[in-house]
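This briefing goes through the structure shown here topic by topic. Please keep the sequence at hand while reading.

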Amino acid sequence: MSESTTAILEAAAATETQSVKLSMQQALNRALDEILSNDPKTVVFGEDCGQLGGVFRITDGLQAKHGGSRVFDTPLAESGILGMSVGLAMAGFHPIPEVQFDGFAYPAINQIVCQIARMNYRSRGTLPMPITLRVPSFGGIRAPEHHGESLEALFAHVPGLKVVSPSDPHDAYHLLKYAASRPDPVIFMEPKSRYWQKGDVGTSDGGTLTGARVVRPGRHLTLVAWGAMVARCLQVAELAAEDGIDVEVLDLRWLKPIDAEALATSVGKTRRAVVVHEAPLTSGLGAEVAQLITQSCFDTLKAPVERVTGFDVPYPSGDLEDEYIPNIDRILLGIQRVLEYRRG
Amino acid sequence: MDSLLPVVAAADAAPLSPGQLRELYSLMAAVRYLDTSAVAWQRQGIIPGYAPELGQEAAQVGSAYALDTARDFAFPTYREMGVARTMGVDMVAYMSTHKATWHGGMYDPVASRLAPIQAVVAGSVLHAVGWAHGQTLSGEDGVALSYFGDGASSQGDVHEAMNFAAVMKAPVVFFIQNNGWAISVPTERQVAGGSVAARAAGYGIPGIQVDGNDVVAVHEATRNAFAHCRAGNGPVVVEAMTYRRGPHSTADDPGRYRSLDDERIDAGTDPLERLRERLLAEGVADEAFLTAAHQAARAEEEAIRAGIEALGPRPGNEMFDFVFQETTPALENQATRWREESEHV
């Protein structure tokens, strides 16, 4: 083989889409490793993030590789972690703090809402907050109280915050790298029940990272979901297909800003929609999704947008969480209600 | 009260020179004049509200005078006009927050080395810790100066900030202006134990209580605290005991919670008067200097007032423009609709 042929093959290999099989935990860990390697201003910190590598091992090995100045443990105080992130951002750093569990974002809510979300505004754009707050989120692991909450609607309601949630390892890897590269604060909600499922991660090309993603095309109805509910909706779609119902599954990914065009395109085609989330029903993000769909598709909708969600109750104990989180049957029943709807 | 742990004295701990003492007086006079004028501006309808710092001139000027704007950074609340003036911040831009022009003030916080004004008491104390830890990570020698009051010291964020700073040995000076009152609640019903500085011992860091109405004492304590931080010894708590001689804000009525007799007794000697007597007694300044300082303060206030009166409202599109560095389609749509509806396009 001539030298020039070798060079061409190598170049081809380098540009070819490469893929590895990783769990979401491994994908997030690899993304953080690369962010730390590529951006000397990045700092990763939180409770047990250093020596231990985080309770979910998302930061495993990062302190050993990048040093205790870049990856470090903080005292056990969420307001402190987030307030400190503001000061680090003011000093030119790109903080990636972790709040160990969703429910422990509440003790930091003052710093998140009154400070992180507003500093760019208050300072007229002179003090940007390039903070990516990682929050292991949602339920499904039979954990203690405050370890299974869905805070997306609360965060999405706050001016100045952006909110994203990946549903699979590929998106986890690419969305984290993307979020960390942006100049605005991003709440990065990791579906903790999906940390250990493996999937193909294309490491050379992340695809489009800014909007929603059709994970299963279909003709009859759109299931809109995010985080851990996407995998469940895919299961539902397979079951519905056995009955001849062709379900499209739209992974919203960005919960703020919401990809209104993707909703319009998908539901414009299917003319029916069910939105699925773990969070309580009332004032949940499903209401916002339903309104966006209604706004763009009112004339062609075959039925009102249905919501299949958690209930207006505190997130229950592990024995009851399967009753609370939308399960396959409840989603199928939601689909049935939409399909059977007749104008009165 | 003595510090429980020693503060490393400043290497250049020479006494303030006569020129510096006169400069402190000029600064305090300028702050006094602007502060009392701002209350009048509110009464005249020039500004909708103001939070006076009457009586706290020594605490604010003396502490901020220790800050090096080439490398340090200050984190104020909403009653730090004297700090801003001492740091050389554009005072029309600073006072614009009280004109209701822009919440954080119109000054550039990065160039000014003064974080935006904000109303959550203790909200910025943790920011000072983060910024200071950033200095450690970058190998730089800047010190964060965190301002808060006795009321804010009740907030949990103050504990988290002091604990974080002590654990990380972050170069932060926690500067408390204990002015006796959190709106209507006196210190004895706010600060258990009577001293915020005393808490420092629990964190294993130095805490100093200082006469907050003595500008020289305040300055020396703060200067020593800065030297302690800069030498890599971690944070220091400085509690300046002072007195809020005015109302909490121009909307407050102190008559509902303290009498004029109480004020006269508790306020002690006016800090500006104290410095005046000292300068005259020590022969550092004469009446001509003092008169000139007051004339300069008056001229400065007139220029600032003219600037404030000339300040129009910001264009409405700025409501949308500064939410994000990278705006969103939804926000763009709202901005477009606002423009169309407000301008009847």
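Helix 10 (residues 260-267) of chain B is hardly covered, as the count of buried residues among its eight residues is zero. Here a residue is buried if 20 or more other C-beta atoms lie within 10 Å of its own, exposed if 12 or fewer, and partly exposed in between, with C-beta atoms placed from the backbone. Helices (H or I, at least four residues) and strands (E, at least two) are DSSP runs, numbered from the N terminus. G268(B) follows helix 10 of chain B and has a positive phi, near 70°.

This is a predicted model: local features need pLDDT of at least 70, side-chain atom pairs count only at pLDDT 80 or more, and totals for chains, interfaces and linings use all residues. Residues are numbered from 1 along each chain as its sequence is written, while chains are lettered from A and ligands numbered from 1 in the order in which they are written.

**Chain A as a whole**

- Chain A has 13 helices and 14 strands.
- The radius of gyration of chain A is 21 Å, close to the 20 Å that the globule rule gives for 344 residues, so chain A is as compact as a globular protein of that length. The radius is taken over C-alpha atoms, and the globule rule is 2.2 Å times the number of residues to the power 0.38.
- The C-alpha trace of chain A spans about 65 × 65 × 45 Å along its principal axes.
- Of the 344 residues in chain A, 56% are buried.
- Among the contacts in chain A with a separation of 6 or more, 79% are between residues 24 or more positions apart. Two residues are in contact if their C-beta atoms, placed from the backbone, lie within 7 Å.

**The contact between chains A and B**

- The contact takes 36 residues from chain A and 35 residues from chain B.
- On the side of chain B that touches chain A, helix 5 (109-112), helix 6 (125-138), helix 7 (156-168) and helix 14 (329-343) of chain B each supply at least two residues.
- Helix 6 of chain B gives the largest share of that side, ten residues.
- By class, the side of chain B that touches chain A has 18 nonpolar, 13 polar and four charged residues. Ala, Val, Leu, Ile, Met, Phe, Trp, Tyr, Cys and Pro count as nonpolar, Asp, Glu, Lys and Arg as charged, and the others, Gly among them, as polar.

**Helix 4 of chain A and its two partners**

- Helix 4 (residues 78-90) of chain A and helix 6 of chain B have axes that come within 6 Å and cross at roughly 55°. Axes are lines fitted to C-alpha atoms, for helices over the stretch in contact, and angles run from 0 to 180 degrees between N-to-C directions.
- Helix 4 of chain A and helix 6 of chain B are therefore oblique to each other. Angles under 35 degrees count as roughly parallel, over 145 as roughly antiparallel, 65 to 115 as roughly perpendicular and the rest as oblique.
- The residues in this contact include G80(A), G83(A) and G87(A) of helix 4 of chain A, and G130(B), W131(B) and G134(B) of helix 6 of chain B.
- The contact of helix 4 of chain A with helix 6 of chain B has eight nonpolar, nine polar and no charged residues.
- Within chain A, helix 4 also packs against helix 5 (residues 109-116) of chain A, at an angle of about 20° and with the axes 8 Å apart. These two helices of chain A, helix 4 and helix 5, are therefore roughly parallel to each other.
- S79(A), L82(A), G83(A), S85(A) and V86(A) of helix 4 of chain A meet N110(A), Q111(A), I112(A), Q115(A) and I116(A) of helix 5 of chain A. By class, this contact has four nonpolar, six polar and no charged residues.

**Backbone details in loops**

- K256(A) and P257(A) are joined by a cis peptide bond, with omega about 0°. P257(A) lies in the loop between strand 12 (254-256) and helix 10 (260-270) of chain A.
- R253(A), in the loop between strand 11 (247-251) and strand 12 of chain A, has a positive phi near 60° although it is not glycine. R253(A) is buried, with 24 other C-beta atoms within 10 Å.
- A100(B) also has a positive phi in a residue other than glycine, near 65°. A100(B) sits in the loop between helix 4 (91-95) and helix 5 of chain B, and counts as exposed with 11 C-beta neighbours inside 10 Å.
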